[in-house]
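This briefing concerns the surroundings of selected side chains, with attention to aromatic rings. Please consult the sequence and the structure shown below while reading.

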Amino acid sequence: MDTSMSAQSFSRKEKTEPLTAIDSGNDSRDVIANQAIEPGLNRTITRKFDFHIIPWLFGIWLLAFIDRSNIGNARIDGLAKDLELDGTKFNIALTVFYIPYILIDVPSNWVVKYFGANYYLPGLLIAWGLVGMCTGFVKDYGGLLACRFFLGLCEGGLLGGLVLYLSMFYQRHELLFRIGMFYCAAPLSGAFGGLLATGLAQIRHNGYNRWPWIFIVEGAVTVAYGLVAIWFLPATPSNAMFLTEAEREAAVHRMGLDAHGASKESKVECERFSWHWVRMAILNVNTIVLSLNYFAIITPIYSFSLFLPTIISNLGYDSVKAQLFTVPPNMAGFLAVILCTFLSDRIKGRGPIMLGCCSIAIIGYIMLLIKTTPLVHYGGTFLVAVGVFPSAPAVLGWLANNLAPHYVRATGTGLQIAVCNCAAFIATFTYLEKDKPDYTTGHLINLGMLVLSLALSTLHILYVKWENQKRENGGRDYRLNKCDEGMLGYKHPSFRYTI
């Protein structure tokens, strides 16, 4: 696709004269303001973004989840014994991670565009990789707590930053599949991390035996990956050098069309921070309900990721087999994320996916709760993985779709992740030593959270349908006369919420 396409790149849905230039001045820009992108060009742009952006984000999120949850692998490979993590010490070490992680979420999203996501996100990666390496050298409980704190500080802005970054490049109903394409690394990290930990835990060298090498090697890989990623990620569509000039113009233009009046700026780099946008993000039904919904979903996700090796170990398997048996359920979750997010974008709906996935996970926890054979319990872990992992990108994408413009989305997404991560204070104490081998209390907590998510998703679907109908019938047109149209954001009468 070369620059000679610029005249044919934009076309009305109805027959119209082809444009001879799209950058010849303000008159030309006004002419094309409401013109759609030619479908072939649109697909080319999306395909190039998929090729040049998604693989890097997949790797970043894979390493983030490995470095965050490898402490679960290290625990059964000697960490708990060497550092004397009796009682609730291990659970406290998990909890410390989330204190800075929660506090940094919103302000981190505010500065992503300022520093440039292409530098900021890999920079976070390098920082927590170094902290991860340091964890392998700790000699006592205090050192472990310090490393977990700084790991949380470095990882805190990542997920919100990734979602915000993708929303700069993809239209709203292309977004969830792309979130899914990097988020599927979370269950894959459980599969890959278990295999990797099994091998690394065999190393004994220079007084460091077994578990330290899990942190040292995985942290070093993270640092190396971050140093390479800096050179390949674009900051925004308008400076993506892998696009032609015509494609860059079209990439910017299609984001303006997709805003449906919610933003007066087509280029995200032209938008400016305002406390008006922050207030709009916070005082929004979508932000409140979907933050609580994510809180409910993340509780079983975190506890599943951190404690799956422990749960399987208590089914009667030794540490090596327990590590290896974490792979199949996580692989099932990986495939479920890809399938469900693809389906969600095809139907342009998030709520129905949430309802289906939560129902599957509920069945999985019921299987874990009933008194039966270890094989049935192990089968339950598959259903939990298939249900909870796709729910996370679904609820993230749901809110990102329903907030606009950039700083509203940045604040709302950051707040959603901050609220949901408060669930870590529950998740890290769901599976206690005193409750093994059945861990009934932990399973019941997660089951209750999934029922809550099911209820919130149902209510929110009903609300969104009601609000969209009001806008369709002209019930929100009065807003156009009350204030500057460019300051309405998601309140613009032309803007439709995603179900």
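Is Phe149 buried, partly exposed or exposed? In this predicted model, Phe149 has a relative accessibility of 33% and therefore counts as partly exposed, since that value lies between the limits of 20% and 50%. The points below place this residue beside its partner and then turn to other sites.

**Aromatic pairs**
- The count of aromatic pairs comes to 27.
- One of them joins Tyr98 and Tyr101, whose ring centres are 5.9 Å apart with 65° between the planes, an edge-to-face arrangement.

**An aromatic cluster**
- Phe49, Tyr165, Phe169, Tyr170 and Phe242 together make up one aromatic cluster.

**Charges over rings**
- Lys89 places its charged end over the ring of Tyr141, at 5.3 Å from the ring centre.
- Arg471 is positioned over the face of Tyr497, 4.7 Å from the centre of that ring.

**The site of Gln35**
- Gln35 is found in the loop that runs between helix H1 (26-32) and strand E2 (36-37).
- Gln35 counts as buried because its relative accessibility is 1%.
- Although Gln35 and Arg254 are 219 residues apart along the chain, their C-alpha atoms are separated by 9.0 Å.

Note on methods. Residues numbered from 1 in each chain as written. Predicted model: local features only at pLDDT ≥ 70, side-chain atom pairs only at ≥ 80, totals over all residues. Heavy atoms only, no water. Helix = DSSP H or I, 4+ residues; strand = E, 2+ residues; numbered from the N terminus. Buried < 20%, exposed > 50% of the residue type's maximum accessible area, 1.4 Å probe, protein only. Phe/Tyr/Trp six-rings, centres within 6.5 Å; stacked < 30°, edge-to-face > 60°. Lys NZ or Arg CZ within 6 Å of the ring centre and 35° of its normal.
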